[in-house]
Amino acid sequence: MAAELIEVTGMVLAASPVKEYDKRIELLTRERGRISAFVTGARRVNSKVSACAIPFTFGTYYLYEGRSSYNVQSAHIQKFFSEIADDFDILCYASYFAELARYFTRENVEAPQELLLLYVACSAMTRGQVSLPLVRIIYEMRMMQIQGEALELFHCLDCGKEEGELKVYFSRGGFLCRDCAARSVRPEREKGYSLSGDAVYALQFILTTSLSKLFSFRVSDTVEKELADFMKHYFEHYLHHTFQSLAFL
Ligand SMILES: [Zn+2]
């Protein structure tokens, strides 16, 4: 009996050579999460399947399920981000985004939101309307939200107050006002992270705006730097992991 052909929508996160003419790819798919697949003949000249084994290619993939891996039979490419390979800065950011997506996804756990976020972030970088560091901030923030680790940045977690001095307490997951922090957080354990009004506004916008409109706003260089520093602390608190591709950013 012939093996069943499986259709998935996905984006190539990474590719490595296998044997003389083949490639093994890591594919982030909507339906089956992150899977690995072999592309037989991907490295042959004039191969029909070589383009579908290039990182950041997005499309519909037709696969056979093998014992320990999938095999790509064919693919219908919907988007080929040639700009990513042509621009070293974009490539470095895209590689980091792919590594982050890889970290948060696994096989057989569908990943529609992670896939869409990666796709729109790659599109945004190639359009060039938003600076690369800001694309990164948006990508990281939304990825944490997808993972259920979004911070409460609209009001105090304990009393609901929206005005006055609100600081971020990572151990609590968001804002606390001065009174509530004094009551529930020992200052020697966590001081609270102060953000400027502009930075708070930008982060609120990132958390609530639809993906289609998200990569269109701008912030000043000062706010961008402030946000990048904030994200660093945020990640250090929640993810005890070193991303290899960060060495290039
Ligand atoms: Zn409070």
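The model is predicted, so to speak of local features requires pLDDT of at least 70 and side-chain atom pairs count only at pLDDT 80 or more, while totals for chains, interfaces and linings use all residues. Residues are numbered from 1 along each chain as its sequence is written.

**Exercise 1.** Find the order in which the five strands close into a barrel.

Solution. Start with the elements: helices (H or I, at least four residues) and strands (E, at least two) are DSSP runs, numbered from the N terminus. Strands pair if DSSP finds at least two bridges between them. The barrel order is 1-2-3-5-4, with mixed pairing. From one strand to the next, the twist averages 50°. Now zoom in: strand 2 (residues 22–29) and strand 3 (residues 33–39) run antiparallel, joined by seven bridges. Ile25 faces Ala37 in strand 3.

**Exercise 2.** Work out which strands helix 2 (residues 88–104) lies across.

Solution. Helix 2 lies across strand 1 (5–18), strand 2 and strand 3, at about 120° to strand 1. Angles run from 0 to 180 degrees between N-to-C directions, with axes fitted to C-alpha atoms, for helices over the stretch in contact.

**Exercise 3.** Describe how helix 4 (residues 132–146) meets helix 8 (residues 221–238).

Solution. First, the geometry: their axes come within 10 Å and cross at roughly 35°. Next, the residues in contact (C-beta atoms, placed from the backbone, within 7 Å): helix 4 gives Pro133, Leu134, Ile137 and Glu140, and helix 8 gives Glu224, Leu227, Ala228, Met231 and Phe235.

Conventions:
Two residues are in contact if their C-beta atoms, placed from the backbone, lie within 7 Å.
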